[in-house]
Amino acid sequence: MTPTRINRRTLMVGSMLMGAGVRAFASTGGAGNWPSRPIRIVLAGSAGAGGDIFARLIANPLAKTLKQPVVVDAKPGANGLIACDTVAKAAGDGYTLLFAPSSSILINPVIHPKLPYNAEKDLVPVAQVGAAGILLMTNPSTGFKNLADMVAYARKNPGKLAYGSWGTGSSGHLAMEGIKAHYGLDMPHVPYKTLVGEVTDLIGNNISVAFTDIASPVQHMRQGRLVALGQTGSQRWPATQDVPTLAEQGYKFEADGWYGVFAPAGTPQEIIDRLNAEINKIQKLDEVRAQIEGQNMIVPPGRNATQFAASIQKDAAIWQGLAKVTDLRDK
């Protein structure tokens, strides 16, 4: 793939996220006796999928540390837009948080210019959770063993090999559209509302290939019900060490994905600081680290909220540049 040129809008979207982090630290509101009641984490994804697993890995020990219940509330659909909108419109009091994959944060503002919320003003980066890529999966009946097999079939059978993702504008959607553009393929897109539905259809051979998150298909791979053709990112991930990256197979795409915790704008600095420190500390616990790696991700470097916002700006240039190349923006 040829390098993409990042225009002014791409940089502005990245900058707005970093700016949100700066505003959070500039907040002068006091945390008072926070938390004095249960905290709600709105999940941009479906119950039982990878995001739900990671959200609960953080929520359960966080509840013990904060001495208040931390409830995970799944709101799937629209590549996380519904969940993001819910939190964007919530009070900035530390009792409503967002747990979202990178694609929901980085891609939605470019794919959907008329969002029902203002990402620049309404969502504040708190902490990164995990780092990994995504998996290119197939049903064993295809006989595909790697990316080259899929590309060869798609070239010989234009329009016949449909692929799935967990929604229009998801990183899986963008990644496959990039592959299609690079190799000149005609592969229809089948967007799913949830990862669970997508993986279920892949196992049932209702769809032949799909990009999924890094965790959901791992057990099915071990049981022989699914086959991994490749994985994105800068390295091979803990539970899929035998699966070559797409870059190793000749398609250079090394952007890593992650999950992130975000808060509504106006959340006091003390709460942002406390949440960031506790979430970073939780991920370094031996038992939590083992579970994160068991779900095929790694523990990210410990960053404060400002540093996390800066890393979002860097990632935004890659994903949003790809979104423009593949022309997925709402017309």
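Colleague: What share of the 331 residues in the chain is buried?

Modeller: Buried residues make up 55% of them; buried means under 20% relative accessible area, exposed over 50%, and partly exposed in between, with a 1.4 Å probe and protein chains only. Keep in mind that this is a predicted model, where local features need pLDDT of at least 70, side-chain atom pairs count only at pLDDT 80 or more, and totals for chains, interfaces and linings use all residues. Residues are numbered from 1 along each chain as its sequence is written, and side-chain values use heavy atoms, with hydrogens and water left out.

Colleague: Okay, take N139. Why does N139 count as buried?

Modeller: Because its relative accessibility is 6%.

Colleague: And where is N139 placed?

Modeller: Helices (H or I, at least four residues) and strands (E, at least two) are DSSP runs, numbered from the N terminus. N139 sits in the loop between β5 (135–138) and α7 (147–156).

Colleague: Which residues does N139 touch, leaving out those up to four places away in sequence?

Modeller: Contact means heavy atoms within 4.5 Å. On that basis N139 touches L202, I203, N205, S208 and L226.

Colleague: Now the sheet. What is the strand order in the open sheet of five strands?

Modeller: Two strands pair if DSSP finds at least two bridges between them. Here the order is β7-β6-β8-β5-β9, with mixed pairing. The edge strands, β7 (189–191) and β9 (227–231), each pair on one side only.

Colleague: In which sense do β6 and β8 pair?

Modeller: Parallel: β6 (residues 163–165) and β8 (residues 209–212) share two bridges, and Y163 stands opposite V209 in β8.
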